Amino acid sequence: MFSKQTVQEITAIADEFGLDPAALLAVAEVESGGQVFAVVNDKPAPLVRFEGHYFDARLTPEKKLKARAAGIASPVVGKIANPSTQAGRWRLIEKAAAIDAAAAYESVSWGLGQVMGAHWSELGYESVQELVNGARSGAAGQARLMARYIVQAKLADALTRTDWHAFARGYNGPDYRRYRYHSKIATAYEKYRADAAADMRPFVLRLGSTGLSVRKLQLELVTRGLLVEADGLFGRRTERAVREFQLKNGLVADGIAGPRTQAKLYARPAKPLAPPSKAGAMAALAKLFRAT
């Protein structure tokens, strides 16, 4: 279970990337078991997993012979077993780094999202060392690494739609059903979504959503000149109003009120985008009075 501070840090990163905080928290929890750091040599260290076949593929012939002789590299997937403890895994990485540090760090999955260091360039890091430094920095750095990977791998849409099968297939691989990866994320997501609702933190609202958060959204849309009924039911009319608001504010017009849409909507001062006619305003007010 993540601490309140960790939840806040991951939530902030989700907002930064336009992702559903509850979904990003769910993936992080399943990948890490709710643990940001392990204690290694009395110091905090990000969770790691070393892949000996990655390391083998990144070495020069001379270094490859040395690493294979030391039992830390192999062309066979899974041949180099990971120690059961994080301290043991870090000792393995240190042995690999003594042969080739960059190759060793590229061969490690890092932090909350267990993202391979080999992706450093495509994820916008200047070096694998910069990626490692981000993972070492804390929950925010690790969550940013995970979010970058989700966006780069084009999995953000599946995450937003809560299509756990599609997300699990892309993030965990085709064998995801074997370990019920999709089910674990779905369960964790519902927990964090409920926590967010209890704390009145924003989470993704979409067609079919209900409750006070939806009614609050609808009331805010009315103040922006969009005619919806504040009934707490996210129906087609609310979806159209959200899409119209998104179009007029340079957002992706998907009709889903995610973190970016809500941040823009609740920004102050609110300026009506398209003031309704007098008759339209009277109709909207009449609907609001009936809903209260």
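T6 lies in helix α1 (residues 4-17); helices are DSSP runs of H or I with at least four residues, strands are runs of E with at least two, and both are numbered from the N terminus. The model is predicted, so local features need pLDDT of at least 70 and side-chain atom pairs count only at pLDDT 80 or more, while totals for chains, interfaces and linings use all residues. Residues are numbered from 1 along each chain as its sequence is written, and side-chain values use heavy atoms, with hydrogens and water left out.

T6 counts as buried because its relative accessibility is 9%; buried means under 20% relative accessible area, exposed over 50%, and partly exposed in between (1.4 Å probe, protein chains only). Apart from neighbours within four places in sequence, T6 is in contact with V36 and A139, where contact means heavy atoms within 4.5 Å.

A153 sits in the loop between α8 (139-152) and α9 (156-160). The C-alpha atoms of A153 and L123 are 9.6 Å apart, and the two residues are 30 apart in sequence.

| Residue | Relative accessible area | Class |
|---|---|---|
| T6 | T6: 9% | T6: buried |
| A153 | A153: 28% | A153: partly exposed |

Strands β3, β4 and β5 form an open antiparallel sheet in the order β3-β4-β5. Its edge strands, β3 (48-50) and β5 (115-116), each pair on one side only; two strands pair if DSSP finds at least two bridges between them. Strand β4 (residues 108-110) is joined to β5 by two bridges, and these strands run antiparallel. S109 has M116 in β5 as its bridge partner.
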